[in-house]
Amino acid sequence: MQVIQEKRPGSRVGLKIVVEADRVKRSYEKTLRQLEQNIQIPGFRKGKAPRNLVMRQVGRERILASAVDDLISEAIQQAFKEARLTPISRFELDDEVGQLLAQFNPEADFSFSGYVEVYPEARVGQYKGLTVTATRVDIKPEQIDQLIDRWRDQRATLLPVEDRPAQLGDVVVIDFAARDAEGNPLDEMTTQDFQLELKEDNFIPGFVAGIVGMQLDETKEIAATFPDDYFRKELAGKTVTFTVCLREIKAKELPELDDAFVQEISSFQTVAELREHLQKRLEQDALRQSEENLETAILNAILETTEVDLPETLIEQETTQLLAQSLQALRQEGIKPGELRKFLSELPPETLNQLKERHRPEAIDRLRRTLALSAIVRQEQIAVGSTELDVEVEEVMAAYAQQGQKLDRERVRQAVYEGLLTDKVMAWLKSQTTVNWVDSEGNPTQAPTSLAGSEEKVEVPEAEFEADEPEAEVSGIPEAIESSSETATGAETDGEAAVVEAEPAPEEAVEVSPAETLSDSAADSEPKATIPVEEKAEETTAETPAAEKPKPSKKGKKGK
């Protein structure tokens, strides 16, 4: 068998395969024997009918299709082994099925061509001797008050209001229906008993401003314009008219900030103790963000000289993962699983594609960073030692065990491996880089203390809080408005940085179904080859860092 390779765009490898006539004949005979054994002909025992009757019963076209199917399947598997290819997608034929059947002759050579996507390698330019500018993050005194105020806001009592109109800061319950500029009703934007906190940037721009000043049981029409980047393109930039009925107004009454309140929400005894803890925690957060800014600056500089040809399969996988993460964030914001499933089930395919398209640029950026780091790890032979990996795994397992959680050891091992490898490659890159630090306004400043090496980082013990720890607020449009969720009183997000995970090792074998390859539905099927993340956990030499996700927290700290 002859196999000729060629590189194609999109990290594809083209293969032209020629199967010799004697092998073609053997494969054809094998197909006929299998048909003879499996086809039941009236008047004959199964497997005993004459071949000519079997061929007449089955039909020449089906026999040829089965023979070509088997031949292509076997040839592709052998070609992958000979060429040492590890595909990440199914093999796609260049020719139509009818053309292949027409050229098939059981007594002659058989040739076909196609392509498969493979895991790409980045071509990294300069990554040593870089000079970058990074922003140093410093805490501001008012941040502590803001954190405490958010806790107070979480514990606020909602008091019914009947003697005044709605105002900013209130929580209201409304019914609303919507129609487009032509007056057509938008049924998916009709809901009742919708609870909304009146913040200027909450919900759709213009919506909250329209509710402010409304009286109880008042009905009002409010025009609101969707942002230009709204995930539903048919609504992006469009103005929609909402008919809103105000059912309830509730005012927030915040609890007093005293020692009793602190004891209620945390393990601290006094306001002073809480403030001291938050000061240290914010300092560490600022240091961590400064380090992340430095890492981002280094990676951006590296990517300027990095070339990588990304296969569409990888982009699709990464995009889907990002979409799943965003949907998980909706659940964390209070949208119930049933509502989320309902929302997804009612989305038209084009809307789901639009959602995925929004994540595509980020997916491409993450993959490029992943592959650039992969190349550096290989070139500089950065490795994770087996002893340090084992020690770290035990610490993480013990920390979660103390919290009563049982984790899969191999998954923990993989996550720890990825975290250690990321730390090592980023530490190495920092040692090769000259950094110009600036403050938030772009003015030159000194490096953060621990980065400069003059002080050791202070460990801040994690406090126990009965209330959710408030993070930086995110205001904007709840993308699940059509899901008829019953609350939109604000959203919070985690500011923790993701870490780069190790590139997964590919599967030993790729399942290739020639029957599907030759079927009309083949193009619509999912790729047969997958890249399991877990396999990489067994390795202790550095291979390839890949897509980003948080690693487990260590030494009893809460994971984010």
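Mentor: Two strands pair if DSSP finds at least two bridges between them. Keep in mind that this model is predicted.

Trainee: What makes strand 2 and strand 4 a pair?

Mentor: The cut-off is at least two bridges. Strand 2 (residues 12-19) and strand 4 (residues 110-117) have 8 bridges, in the antiparallel sense, so they count as paired.

Trainee: Why are strand 1 and strand 3 said to stand at the edges?

Mentor: The open sheet has 4 strands in the order 1-2-4-3, with antiparallel pairing. Strand 1 (2-8) and strand 3 (92-93) each have a single partner strand, so one side of each lacks a neighbour in the sheet.

Trainee: Why are helix 8 and helix 11 called roughly perpendicular?

Mentor: Helix 8 (residues 271-303) and helix 11 (residues 349-380) pack at about 85 degrees, with axes 10 Å apart. Angles of 65 to 115 degrees count as roughly perpendicular, and the two helices are therefore described that way.

Trainee: Which residues of helix 8 and helix 11 meet?

Mentor: From helix 8 come L299, I302 and L303; from helix 11 come D365, R368, R369, A372, L373 and I376. By class, this contact has 6 nonpolar, 3 charged and no polar residues.

Trainee: How do you know that the span of helix 5 agrees with what it should be?

Mentor: Helix 5 (residues 142-154) has 13 residues, which at 1.5 Å a residue should span 18 Å; its end C-alpha atoms are 19 Å apart, which agrees.

Trainee: Which residues of helix 5 are buried?

Mentor: Buried means under 20% relative accessible area. In helix 5 the buried residues are I144, L147, I148, R150, W151 and R152.

Technical notes. Residues numbered from 1 in each chain as written. Predicted model: local features only at pLDDT ≥ 70, side-chain atom pairs only at ≥ 80, totals over all residues. Heavy atoms only, no water. Axes fitted to C-alpha atoms, helices over the stretch in contact; angles between N-to-C directions. Parallel < 35°, antiparallel > 145°, perpendicular 65-115°, else oblique. Contact = heavy atoms within 4.5 Å. Nonpolar A, V, L, I, M, F, W, Y, C, P; charged D, E, K, R; others polar. Expected span 1.5 Å × (residues − 1). Buried < 20%, exposed > 50% of the residue type's maximum accessible area, 1.4 Å probe, protein only.
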